[in-house]
Amino acid sequence: MSKATKKAAPAAHPEIKPGQSIELLKALHILTRDGALNQDSRRKLKQVYHLTQFIEPLIEQARAANNGGLYLVDHGAGKSYLGFILYDLYIKQNPQGAVVAGVETRQDLTDKSQALAEHLGFAAGMQFINLPVAQATEHPDLPETVDIVTALHACNTATDDAIAFGLKKQARYMALVPCCQAEVASKLRETKSLMLGKTPLVELWRHPIHTREFGSQLTNVLRCLQLEAHGYQVTVTELVGWEHSMKNELIIAKKHQRGNRKAARQLHDMLDTLGLSLLKDRFFVPTFESATESE
């Protein structure tokens with residue numbers, strides 16, 4: 001039996017979904033040129049499939065509300081791995097009125113993504129913008145409002161910038177898998193000596209390794225409270241098993257009311273208690289002018 005005969009055809013891989021572009025999977029290095037799928041690729045594909053299962057119903061709900069229209073923005077897109085998979089699985093069959101935009105700081109990656117979209121025939125429904133996430137809210141090529149904001153392992157404060165973008169653009173939904181964020185841990189480190197005599201809670205971050213770990217946990221708690229303060233219903237879950245990735249927290253936010261005064265108050269109380277009041281601009285909340293706003 002020849003080598004060519006021994007190798008499984010791409011369609012024989014149970015991990016590959018019906019109708020998926022084999023050419024795309026090869027371009028993303030999930031499949032090798034001869035159609036093989038190694039263990040690392042299998043693990044990577046499992047992770048992205050798991051994430052897209054959470055995003056698929058958001059796409060369906062947004063399109064139903066918009067008569068088929070959709071504008072999804074993926075921040076810190078990198079090679080636009082997530083955007084391409086979403087478009088290939090859920091949009092290419094009915095592309096009319098749908099746009100998936102990737103925001104990425106590296107020009108070479110946006111250029112390559114654009115070329116790949118054109119090669120695959122996806123260019124009409126995919127857009128690639130070369131700029132930092134923090135500048136995206138003012139970019140003229142992005143609309144005033146969007147439907148879905150995603151950020152998969154956007155590093156440091158890029159996840160916070162993606163949240164700020166989603167709030168500014170009145171996104172219906174956000175799906176976020178946060179990455180490392182050193183800003184909160186850095187502020188905890190700076191104020192540690194001042195807080196030692198003020199609260200026993202300082203023991204949560206007195207040791208350097210705890211500062212890093214507590215800072216990471218606290219960052220995501222603050223993000224969730226911020227989203228809730230702006231009227232989002234927030235669900236936090238595990239993306240994949242911890243054996244695959246330590247950056248494993250998935251935050252799904254769905255807009256369902258104008259704002260939540262109680263969540264805003266809890267966020268500010270937490271920052272004050274931990275000596276992090278200077279971060280109120282980072283984790284900004286709405287201004288509540290009416291006593292009828294939700295508690």
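Modeller: Let us take helix H4, residues 81–91, which is largely enclosed by the rest of the structure, because eleven of its eleven residues are buried. Buried here means under 20% relative accessible area, while exposed means over 50% and partly exposed lies in between, with a 1.4 Å probe and protein chains only. Helices (H or I, at least four residues) and strands (E, at least two) are DSSP runs, numbered from the N terminus. This is a predicted model, in which local features need pLDDT of at least 70 and side-chain atom pairs count only at pLDDT 80 or more, whereas totals for chains, interfaces and linings use all residues. Residues are numbered from 1 along each chain as its sequence is written, and side-chain values use heavy atoms, with hydrogens and water left out.

The buried residues of H4 include Tyr81, Leu82, Gly83 and Phe84, and also Asp88 and Tyr90. A search of the whole structure finds three aromatic pairs, and one of them is tilted, formed by Tyr87 and Phe122 at 4.9 Å centre to centre with 45° between the planes. This pair links distant parts of the chain, since Tyr87 belongs to helix H4 and Phe122 to the loop between H5 and E3, 35 residues apart. For such a pair, the ring centres of Phe, Tyr or Trp (its six-membered ring) lie within 6.5 Å, and planes under 30 degrees apart count as stacked, over 60 as edge-to-face and the rest as tilted. Both Tyr87 and Phe122 are buried.

Seven strands form an open sheet of mixed pairing, in the order E3-E2-E1-E4-E5-E7-E6. Its edge strands are E3 (126–130) and E6, each of which pairs on one side only; two strands pair if DSSP finds at least two bridges between them. The twist averages 15° from one strand to the next. Helix H5 (residues 107–120) packs on the sheet, touching strand E2 (98–104) and E3, and its direction makes about 165° with that of E3. Contact means heavy atoms within 4.5 Å, and angles run from 0 to 180 degrees between N-to-C directions, with axes fitted as lines to C-alpha atoms, for helices over the stretch in contact.

The loop between helix H8 (208–229) and strand E6 (232–238) holds His230, which is buried with a relative accessible area of 12%. Not counting residues up to four places away in sequence, His230 touches several residues, among them Leu167, Lys255, Phe284 and Pro286.

Helix H8 itself contains Gly215, which counts as buried at 0% relative accessibility. The C-alpha atoms of Gly215 and Val184 are separated by 5.4 Å, although the two residues are 31 apart along the chain. Leaving out residues up to four places away in sequence, Gly215 touches Val184, Ala185, Leu188 and His210.
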